[in-house]
Amino acid sequence: MKRFILLCISVLAISCTGTAQKEGKKEGKVYAVSKTNAEWKKVLTSEQYYILRQAGTERPFSSPLNKLYTHGTFHCAACNTPLYESKYKFDSGTGWPSFDRAIEGSIDNDIDHKLGYARSELLCGTCGGHLGHVFSDGPRETTGMRHCINGDALVFKSNESKNE
């Protein structure tokens, strides 16, 4: 029995050094907006920097954008690129702003293994900032996809302010 437990611990230790710790950010890709870490820290809040530049995640249900359904557009907080239209936002119940699609050409995809398995990561197509992840449990009547986005990665611009 001790040998079996030792074998299990050994296998677990070896598997923990696999791809889960590898960084996957589109290495070699040059984004239209590029800044040094020091420059990003000057223009982003600490929460925005943590999410957009360090691929962090905010606490669920912490973003005021989660329950915002005003007509408008959600932009990247780092570079102001329009990413999501409010008409494609839905309440997924997960605690993060969720959309069934992005504005065409605004998002870049990558794979992250931070949790020990592959997840499809969503990045801003202009600055490469981490936005969140995409899952296939979205509304079936539309795309079937759920773009689960950190609210701190976004800035909302209302359509009503454009009409004034």
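Leaving aside neighbours within four places in sequence, L154 is in contact with L65, F74, H75, A77, L83, F99 and I149, where contact means heavy atoms within 4.5 Å. The model in which these contacts occur is predicted: local features need pLDDT of at least 70, side-chain atom pairs count only at pLDDT 80 or more, and totals for chains, interfaces and linings use all residues. Residues are numbered from 1 along each chain as its sequence is written, and side-chain values use heavy atoms, with hydrogens and water left out.

L154 lies in strand β9. Its relative accessible area is 5%, so L154 is buried; buried means under 20% relative accessible area, exposed over 50%, and partly exposed in between, with a 1.4 Å probe and protein chains only. A78 is 76 residues away from L154 along the chain, yet the C-alpha atoms of the two are separated by 8.2 Å. The bridge partner of L154 is C76.

Strand β1 (residues 72-76) and β9 run antiparallel and are joined by 5 bridges; two strands count as paired if DSSP finds at least two bridges between them. Strands of a sheet pair through backbone hydrogen bonds, either parallel or antiparallel. Here the open sheet has 3 strands in the order β2-β1-β9, with antiparallel pairing. The edges are β2 (82-85) and β9 (154-158), each with a single partner strand, so one side of each has no neighbour in the sheet. On average, neighbouring strands of this sheet are turned by 30 degrees against each other, direction ignored; the axes are lines fitted to C-alpha atoms, for helices over the stretch in contact, and angles run from 0 to 180 degrees between N-to-C directions.

Another buried residue is D108, which counts as such because its relative accessibility is 9%. D108 is placed in strand β5 (residues 107-112). The side chains of D108 and K29 are joined by a polar contact of 3.1 Å, that is, a pair of N or O atoms within 3.5 Å; within protein, one must be able to donate a hydrogen and the other to accept it, and residues adjacent in sequence count only if both atoms are side-chain atoms.

As for the chain, it has 3 helices and 9 strands, in the order α-α-α-β-β-β-β-β-β-β-β-β from the N terminus. Helices (H or I, at least four residues) and strands (E, at least two) are DSSP runs, numbered from the N terminus. Of the 164 residues, 40% are buried. Among contacts with a separation of 6 or more, 56% are between residues 24 or more positions apart.
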